[in-house]
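I opened my notebook to look up the aromatic rings. My entries follow.

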Amino acid sequence: MTTATQTAAPVRVKPRSAWTPSQIILTLLGAAVSAVFLAPLAWALFTSLKSETEAVEVPPHWLPKLWTGQAWKAIFETGNLTNWFVNSLVVSVCVTTVVLFVSALAGYGFARTEFRGKGALMGLVMTGLMVSPAVLGVPLFTTVQQMGMVDTYWGMILPQCAPAAMVYILYKFFQGIPRELEEAAFIDGAGRWRVFFTIVLPLSRPSLAAVGIFTFIASWNNFLWPYMVTNNPDLMTMPNGIATVMNSYGIQWAQLMAGGLMAGLPLIIVFVFFQRQIVAGVAHTGLAGQ
């Protein structure tokens, strides 16, 4: 009986290729752009760790001479951060839920059903993309006032629940779903509603995620409409509440920066945990330039 002895061939390690000039330029450009976007956050953080006197010194300086958490302590003691946060969360979640439901139904209706006046109605919806929300502030406020919804959650929520852009995004996505899938379900006896909830919506998760995330961010950052429709301090959202961080000497800049960081923290968390859904949603919707 013979035994064959095999010698293992040496493993060749491929040397790392040197960076090309284009890679170096792109890396430096990316670092510069990142620094531009991170600089305001760094400035806000360093300012929030200064005393109020140091925060208004001229000329300003980046790093605090005396590091202190006085502004953070004051914003929690004097400001009603808990109520502001809860109000923003309630309004943003409700707006996002209603927008997803309404936009999905409207987009699917435009993409899959034929009815008289469809083109004119679609054109009317698209005109909403050309009208600034600020222009609609006065008529919307008059309507909300007549309905008795001033200083209520519904007064802040309902006027934000019909964005034409979200209807158009889902409309374009639904048009790209093969009709054969729905026709096969119809042949098997499924109705329109069952097809919509069991076939169309599961296939639309990337687009629905993108619409939901963009709507949540826009509603969370909305300052003008909640400011117009409520005067009750207990109903203020985060942007409105932070704007009230003042005393008899003027704006408290260190506290303002601390509050701004607190308001932006949920959005940073949303982006960190849902960045894949954002990218996938942009790639599957009209936001990619399709």
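**Ring notes**

I began with a charge: the charged end of K50 sits over the ring of W43, 4.9 Å from the ring centre. I used "over" when NZ of Lys or CZ of Arg is within 6 Å of the ring centre and within 35 degrees of the ring normal.

I noted that this is a predicted model, where local features need pLDDT of at least 70, side-chain atom pairs count only at pLDDT 80 or more, and totals for chains, interfaces and linings use all residues. Residues are numbered from 1 along each chain as its sequence is written, and side-chain values use heavy atoms, with hydrogens and water left out.

Next I searched the whole structure and found 14 aromatic pairs. Rings of Phe, Tyr and Trp (its six-membered ring) pair if their centres lie within 6.5 Å; planes under 30 degrees apart are stacked, over 60 edge-to-face, the rest tilted.

I looked up F46 and W62. Their centres are 6.5 Å apart and their planes at 75°, so the pair is edge-to-face. F46 lies in helix α1 (residues 21–48) and W62 in the loop between α2 (52–55) and α3 (70–78), so the pair ties together parts 16 residues apart in sequence. Helices are DSSP runs (H or I, at least four residues), numbered from the N terminus.

I then took F85 and W220, an edge-to-face pair with 5.5 Å centre to centre and 75° between the planes. F85 lies in helix α4 (residues 81–112) and W220 in helix α11 (residues 205–221), so this pair ties together parts 135 residues apart in sequence.

Last, I found a cluster: ring pairs link Y108, F173, F174, W193, F196 and F197.

Conventions
Helices (H or I, at least four residues) and strands (E, at least two) are DSSP runs, numbered from the N terminus.
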